[in-house]
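Trainee: I have a structure to read and want to check the terms as I go. Can we go through it together?

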Amino acid sequence: MDRFETRTYDVLVIGAGGAGLRAAIEAAEQGVSVAVVCKSLLGKAHTVMAEGGVAAALATTDGRDSWKVHFRDTMRGGKLLNDWRMAQLLAQEAPARVRELEAWGALFDRTPDGRILQRNFGGHQYPRLAHVGDRTGLEMIRTLQDKTVQAPRIDVLMESTVARLLTENGRISGALAYRRDSGRFLLLRTKAAVLATGGIGRAYRINSNSWEYTGDGHALAYAAGADLIGMEFVQFHPTGMVWPLSVRGILVTEGVRGEGGVLKNSRGERFMFRYIPEMFRGDFADTEAEADRWVADVIAGRKAEARRPPELLTRDVVARAIAQEVREGRGSPHGGAFLDIASRRKAEDIRKKLPSMYQQFLELADVDITREPMEVFPTTHYMMGGVKVDPETQSATVPGLFAAGEVAGGLHGANRLGGNSLSDLLVFGRRAGLGAANYARGLGSEPQVDAPRVEAITAELLAPFERNGGESPYAVQESLQDLMGTYVGIARTADDLQGALAEIERLRARAGRVGVDGNRQFNPGWHTTLDLQNLLTVSEAVTRAALARRESRGAHTRVEYPDSDPQFGRVNVVVRRQGDAMTVREEPIAPMSGDLKEILEGKE
Amino acid sequence: MSGSNGAQSTETVLKIFRGDGTTGAFKDYTVPLQPGMVVLDAVHWVQAHQASDLACRWNCKAGRCGSCSAEVNGKPRLMCMTRMDHFPPGEAITLAPMKAFPVLKDLVCDVSWNYGVNRRIPAFRPRAPEPDGTWRMQQEDIDRVQEFRKCIECFLCQDVCHVLRDHDRKDRFAGPRFLVRIAGLEMHPLDAASRTAHLKEEAGIGFCNITKCCTEVCPESIHITDNAIIPLKERVVDDFYDPLRRLWRRLRGTA
């Protein structure tokens, strides 16, 4: 195998966003050798796009907050389908993880008495998001990046894509990757692998995600035989940009609403008052006057006594409401809702609290958000579903495989609260790094790599070069994106989903015939043919899981079953590979412990 | 878009550098125009329809990640934040990779040197926390450091800096990006380390003669020269050229 650049590690971390870097830092601190392999340059991961903040019950801005309230909000936001132990760990450990970032150099915005300032966000009862203007993700990535490069035992392999995980007797033994710049193969022998690859947003045309979000980790885990759970739950963020076409889908932070921004339809109505679900009725203002009192309190830095504006309902609710307003003919000129902060806050406050939003709209859409409303519509944003993991160690159902962050399933249930993904990265990135390091140290014998298998994989990866003159991979990816947006989007029916499955099979056949131009050096066409295989796998998984869940819950809406069904509230839909077939089954969720139940019911 | 009267052009020509570190030439691609289109959209259109192997970097397409840096009509810019209607209609637009770094392929450069510079900067070292284990900081004390931490590492400032671009002094000079990073550490209210020796010797701050080219191209509008580099130069002068301090260092044996 001299044709390969070969390297050997104890722990291989795949992905260099918040979860991957936090995992690598933790594993290295345990004294094992670590590599981080990432598709882009270090520091460019999608975490930089996180705007609003990191949710942690620090209780610096409102002393009434605690991990118990955070736990309850997370479970209710997830429509009780969350892995309750993960939700508990998230709520309990997030404050320490945020303070740790500060000790590593991060600079969060401050309260008047010099502590970490927290911001309101959808579904969080109290101001809970530690933030830096609207560029919190960048602050996190830079802090973790600087910590990573100073760690002596972490190699960073930039611009390299892992194409397959390798196993020996069902446990992880390595990974085969290629370097994007040269196209050369990289054989990574490892005892443990941590997936931290993020989500699947590029399966949809209108999305807020970067090119990297092709479900690589989901597909790698699936191919290695791991269970995936909750794949039917794709989060459509309520506020993506609508116009001009070239920026369609780019995210407008929930922070706009957290800072007092309101949603209106073409008649000027604040329509969200009509969409408050029964479960949340007591917690939200039912008049504009009360909602305005809440905003006034928040701006003045007082503890809000009024109930919250309905614009701060969870993302699934707000996204469905906007889609319905547009469908019923009350949309904005370009088919969205109006998001208005201009009439609510002073221009200088808007520029200070939402600087990136201000710049983004001014430069890309010719809209000055201090003077005019924005136009917004839901955009594919986040994958709640993912690799089934043990809540304590983040280990998958395949020995030696771990997953953290967006690629892991369970924590967010049927809908993720804004701000919980950044705390997820920190809390479970650390746990995955620790879990992987402990596993690697406890391994008796070094796992062996199957040489003929590696040869076979490289032949598969190079096959598109043999098909010079075949269809463009971009055309097939676009067809898939249109299919998923149209038939596996916000509102789903059995007919649409069945049709989508048949079409995915046809697209798979087309994907098998695509060809690429040029050579192996930095060739995006070739890379797209390989990413496309992952997108097809996750698209099939989302569609099959969506068919299996015959109810509406959180981000998953089935038109024929508009209500939640208590039976389905007790199960996860699990997807697993069996030979070449994708199997789907329901798996009961373990009953919640008594003390957590009491917290959930508000008895504590 | 408003602005130009008369016939709207429906397409435009991109002249894109195709090649690697040794050979290459500009090649013409005709691209259809859409309202609000940015240069990166045009590059993606070329990839999808005319040259699937055209290499460029990008991630967020919203000016946050700093991946899609290139020279558009000779000016260092983020392709995702450069509108096509910024240029006169009907005139070809030239796209070239950043000049200050070796070309890997097409619009992609080898920027690995920057990562090596970053690794050598002395790390953040916080002072001891308060008894409750946390730190108190006033917003006005962190405002200026938060400005430096807005940096998205697009390396456009490195590309335009004549010390790196024209004189290729990568052996002696860290460049504006890393002077900004060092400023963010030096002026951090919690940091207890000193980096003036590093600034003087390894980062080569003396090479900067404050022409402000870096400030002009910064997509985050960081006042690189005024707020970062000049105050750092003052610190170096205070520490190394102040006669009393020089004597003090000699007495302590740390000269």
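Mentor: Start with the domains. This is a predicted model. The domain assignment of chain B gives domain 1 (11-109) and domain 2 (112-252).

Trainee: What is the separation of the centres of domain 1 and domain 2 of chain B?

Mentor: Taken over C-alpha atoms, the centres of domain 1 and domain 2 of chain B are 31 Å apart.

Trainee: What makes residues of domain 1 and domain 2 of chain B count as in contact?

Mentor: Two residues are in contact if their C-beta atoms lie within 7 Å. Eleven residues of domain 1 of chain B meet that test with twelve residues of domain 2 of chain B. On the domain 1 side, six are nonpolar, three polar and two charged.

Trainee: How is chain B as a whole described?

Mentor: Chain B has ten helices and seven strands. Its C-alpha trace spans about 75 × 45 × 30 Å along the principal axes. Of its 255 residues, 43% count as buried. Take its contacts with a separation of 6 or more: 63% of them join residues 24 or more positions apart.

Trainee: How many residues of chain A are in contact with chain B?

Mentor: The contacts involve 49 residues of chain A and 46 residues of chain B. Several helices of chain A each supply at least two residues of that side of chain A, among them H3 (84-103), H4 (136-150) and H15 (524-548). The side of chain A that touches chain B divides into 22 nonpolar, 14 polar and 13 charged residues.

Trainee: Why is H1(A) called mostly covered?

Mentor: A residue is buried if 20 or more other C-beta atoms lie within 10 Å of its own. Eleven of the twelve residues of H1(A) are buried. Among them are Gly18(A), Leu21(A), Arg22(A), Ile25(A) and Glu26(A).

Trainee: What do the buried residues of H1(A) pack against?

Mentor: Their partners in chain A include strand S1 (5-14), strand S2 (34-37), H4 and helix H11 (420-442).

Trainee: Which residue with a positive phi follows H1(A)?

Mentor: That is Gly31(A), with a phi near 95°.

Note on methods: Residues numbered from 1 in each chain as written. Chains lettered and ligands numbered in written order. Predicted model: local features only at pLDDT ≥ 70, side-chain atom pairs only at ≥ 80, totals over all residues. Helix = DSSP H or I, 4+ residues; strand = E, 2+ residues; numbered from the N terminus. Nonpolar A, V, L, I, M, F, W, Y, C, P; charged D, E, K, R; others polar. Domains from an automatic or database assignment.
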